[in-house]
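Have a look at the fold before reading on.

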Amino acid sequence: MIKNQPIMQLKDVSIVFEKRTGLFSKPTKIKAVNDVSLNINSGEIVALVGESGCGKTTLGKAIAGLLDPAEGQVFFNGIDVKKMNKKQFEEYRNGVQIVQQDSYAALNPARTIYQSLGEPLLHKKIVKDKKEAYERVCELLTTVELTPPEQFINKYPHQLSGGQRQRILMARAISLSPKLIVADEPVSMIDVSLRIAVLNLMARLNKTLGIAFVYITHDLATARYIAKNGKIVVMYLGELIEIGNVIEVIKDPKHPYLQALLSAVPIPNPWIAKQEKELPLKSLDMPSISNPPSGCRFNPRCIYATEKCEIEPPILRQFDNGLIACHNAEKIPKFVLPSIESVTVE
Ligand SMILES: Nc1ncnc2c1ncn2[C@@H]1O[C@H](COP(=O)(O)OP(=O)(O)O)[C@@H](O)[C@H]1O
Ligand SMILES: [Mg+2]
């Protein structure tokens, strides 16, 4: 597999939901993702971060082809998804898998692990008979470190822990030999002590099988942990506001929103935590995504906002080694968080 060749490309993608508040009311439109362009290279790990409600899951579903863009195009292996023939579309649907946050909801409670994992293999003719399906499921369980596999294969989802179910979802995702897995907050619902192990499993699947990952999270510490050499994509109110190498971006965040977000990270150092730190924000209130501010969507909260920011939406542009959507990037003081090295995975 050639690295640094985009496996997925989004070009000016917008996703719109229609929401009805009452039976007779007119539906309101929510643009949950606005004009997003993003490349995902084969074999890379991309951390997609942002606060709850900013559109991460919606974007993840658009990447996996589960939501249709209202505007823009999605390319897999350089081919526009809308223009694919049946075979190309099947390659895309198998090639991009999603692992959801809620592992219990993602698995059929009435089916054993063998049924959940083995039947799609038989149906898609990846294996020729039940015996081969059983062997393949055992192999998959071993790959995701559920060993010995015989101990898990005939169990039902409720008989497993959250961490084990998350591994089952990983096994199901890799069973179709994908090129990319979108992992949507895969560790947010499992026990803190088990999180690192699941993150390590993803890193290993990336390294040994060459699968690219989009790791969706609201937690910057795990983003940094998993994407070590990869890229971070920061989202705010449905838009991408900063992209760059994860280590560089967390050490030297350029966008005022990301600077504020990093200031809010709990610091496990009592000396620093004791200092009264004021958040570099004008307001703590997140505007509604159904009625976003004009100009730069961050402008009502930004301490550096100028008149231009209220009128003109900034485009994501090259700045230093990354991309940033901010009119005033050149003028914003460097942000230093001395203790970021000690930020631990919660
Ligand atoms: N199926 C849907 N119908 C209507 N609105 C939705 C739907 N899914 C998500 N939204 C809205 O889109 C916005 C982004 O949601 P989501 O992508 O789930 O954010 P995140 O994953 O970052 O928390 C939210 O305001 C949410 O309420
Ligand atoms: Mg989400």
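What follows goes from the cores to the ligand, and then to some individual helices and residues.

Keep in mind that this is a predicted model.

**The cores**

Let's begin inside. The largest nonpolar core takes in 64 residues. Those with the most contacts inside it are Leu 141, Ile 168, Met 170, Met 202, Phe 213, Leu 220 and Ile 232. Which helix gives the most to this core? That's α6, residues 162-174, with six residues. Apart from this core there's another, made of 31 residues, with Ile 7, Cys 54, Val 96 and Ala 212 among them. As a general point, nonpolar side chains in soluble globular proteins tend to be buried together.

**Around the ligand**

Now for ligand 1. The residues around ligand 1 include Phe 17, Ala 32 and Ile 289, along with Glu 51, Ser 52, Gly 53, Cys 54, Gly 55, Lys 56, Thr 57 and Thr 58. By type, this shell divides into four nonpolar, five polar and two charged residues. Helix α1 (residues 56-63) gives the most to the shell, with three residues.

| Residue | Atom on the protein side | Distance to an oxygen atom of ligand 1 |
|---|---|---|
| Gly 53 | polar backbone atom | 2.6 Å |
| Cys 54 | polar backbone atom | 3.2 Å |
| Thr 57 | polar side-chain atom | 2.8 Å |

Taken alone, ligand 1 exposes 560 Å², and the protein buries 66% of that.

Is helix α10 mostly covered or mostly open? Mostly covered: eight of its eight residues, 256-263, are buried. They run from Pro 256 to Ser 263, with Tyr 257, Leu 258 and Gln 259 among them. The packing partners of these buried residues are helices α8 (220-226) and α9 (246-251), plus strands β9 (231-236) and β10 (239-245).

Helix α2 (residues 86-95) has Tyr 92, Asn 94 and Gly 95 buried. The cover over the buried residues of α2 includes α1 and the strands β1 (6-19), β4 (71-76), β6 (96-99) and β7 (180-184). At its N-terminal end, α2 is capped by Asn 85, where a side-chain oxygen lies 3.2 Å from the backbone nitrogen of Lys 87.

**Loop residues**

Glu 185 is in the loop between β7 and α7 (192-209). Why does Glu 185 count as buried? Because its relative accessibility is 10%, and the cut-off for buried is under 20%. Setting aside neighbours within four places in sequence, Glu 185 is in contact with Lys 56, Gln 101, Ile 216, Thr 217 and His 218.

Thr 112 sits in the loop between α3 (103-106) and α4 (113-123). Thr 112 counts as buried too, because its relative accessibility is 9%. Beyond four places in sequence, Thr 112 touches Ile 153, Asn 154, Lys 155 and Tyr 156. From Thr 112 to Gly 22 it's 90 residues in sequence and 40 Å in space, C-alpha to C-alpha.

Pro 27, in the loop between β1 and β2 (28-41), is partly exposed, with a relative accessible area of 32%. Not counting residues up to four places away in sequence, Pro 27 touches Glu 18, Lys 19 and Arg 20.

Where's the cis peptide bond described here? It runs from Thr 147 to Pro 148, with omega near -10 degrees. Pro 148 lies in the loop between α5 (130-143) and α6.

Asp 35 is a residue other than glycine with a positive phi, near 55 degrees. Asp 35 is in strand β2 and is partly exposed, at 48% relative accessible area. Lys 125 also has a positive phi, near 60 degrees. Lys 125 is in the loop between α4 and α5, and Lys 125 counts as exposed because its relative accessibility is 71%.

Note on methods
Residues are numbered from 1 along each chain as its sequence is written. Chains are lettered from A and ligands numbered from 1 in the order in which they are written. This is a predicted model: local features need pLDDT of at least 70, side-chain atom pairs count only at pLDDT 80 or more; totals for chains, interfaces and linings use all residues. Side-chain values use heavy atoms; hydrogens and water are left out. A nonpolar core is a set of buried Ala, Val, Leu, Ile, Met, Phe, Trp, Tyr and Cys residues joined through side-chain atoms within 4.5 Å. Buried means under 20% relative accessible area, exposed over 50%, partly exposed in between (1.4 Å probe, protein chains only). Helices (H or I, at least four residues) and strands (E, at least two) are DSSP runs, numbered from the N terminus. Contact means heavy atoms within 4.5 Å. A residue is near a molecule or strand if one of its heavy atoms lies within 4 Å of it. A polar contact is a pair of N or O atoms within 3.5 Å; within protein, one must be able to donate a hydrogen and the other to accept it, and residues adjacent in sequence count only if both atoms are side-chain atoms. Accessible areas come from the Shrake-Rupley method with a 1.4 Å probe; for residues, only the protein chains shown count as cover. Ala, Val, Leu, Ile, Met, Phe, Trp, Tyr, Cys and Pro count as nonpolar, Asp, Glu, Lys and Arg as charged, and the others, Gly among them, as polar.
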